[in-house]
Amino acid sequence: MVFIDEELTRRLLEEAKEARLKAYAPYSGYQVGAALITKSGRIFGGCNIENASYGATICAERVAVARAIAEGEKDFVALAVVADSPEPGSPCGICRQFLAEFAPRLQLILGNLDGKVRRGSLDEYLPYAFNKDYFCAEEAK
Ligand code: THU
């Protein structure tokens, strides 16, 4: 199990900052990077990818999750997100829901380019998250 100490926190923020450089955000100009670490210690980066059909845009957080899942990793420990915002950014509602599917209490490390950092847990950002327990057939649980 990975323990998120100060050094790993800094590393995740660095990886998110690096991932941000790949952002495709010609419409908003708001570039976001994410870095997701799994229990096995692997780190998956993501950046936002916008689209001329705005609604097709995908956030950095979901790109990182998609990359991890596609590599067979779904035990998430912590996620760092970095953007050039006055205050550390805050994951959008869709991303909160997307993340909660796999890690309802995921550790969040939110930073900006000035080095301001806010830490938290996903369940503070999305309390009472909707999940499969509300409706799913037994066999899917
Ligand atoms: N965005 C992210 O990638 N992550 C966030 O946490 C907030 C929003 C992206 C979506 C869009 O490309 C741009 O930022 C402006 O909303």
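Throughout these legends, Ala, Val, Leu, Ile, Met, Phe, Trp, Tyr, Cys and Pro count as nonpolar, Asp, Glu, Lys and Arg as charged, and the others, Gly among them, as polar. The model is predicted, so local features need pLDDT of at least 70 and side-chain atom pairs count only at pLDDT 80 or more, while totals for chains, interfaces and linings use all residues. Residues are numbered from 1 along each chain as its sequence is written, and side-chain values use heavy atoms, with hydrogens and water left out.

**View 1. The shell of residues around the ligand.**

View 2. A polar contact is a pair of N or O atoms within 3.5 Å. A polar side-chain atom of Glu50 is 2.5 Å from a ligand oxygen. The side chain of Asn48 places an N or O atom 2.9 Å from an oxygen atom of the ligand, and Ala60 contributes a backbone N or O atom at 2.9 Å from a ligand oxygen. Of the 380 Å² of accessible area that the ligand has on its own, the protein covers 78% (Shrake-Rupley method, 1.4 Å probe).

**View 3. The largest pocket.** A pocket is an open set of points, on a 1 Å grid over the protein atoms alone, where a 1.4 Å probe fits, with protein on both sides within 12 Å along at least five of seven lines; lining residues have an atom within 4 Å of a point. The ligand sits in the largest pocket (more than half of its atoms lie within 2 Å of the grid points). This pocket has a volume of about 280 Å³, taken as the space filled by probe spheres set on the points. Its lining comprises 19 residues, with Tyr30, Val32, Asn48, Glu50 and Cys59 nearest the centre. Eleven of the lining residues are nonpolar, six polar and two charged.

**View 4. The second largest pocket.** The second largest pocket has a volume of about 200 Å³. Its lining includes Met1, Lys39, Lys74, Asp75 and Arg105. Seven nonpolar, one polar and four charged residues make up this lining.

Conventions
Polar contact = N/O pair within 3.5 Å; in protein donor to acceptor, adjacent residues only side chain to side chain.
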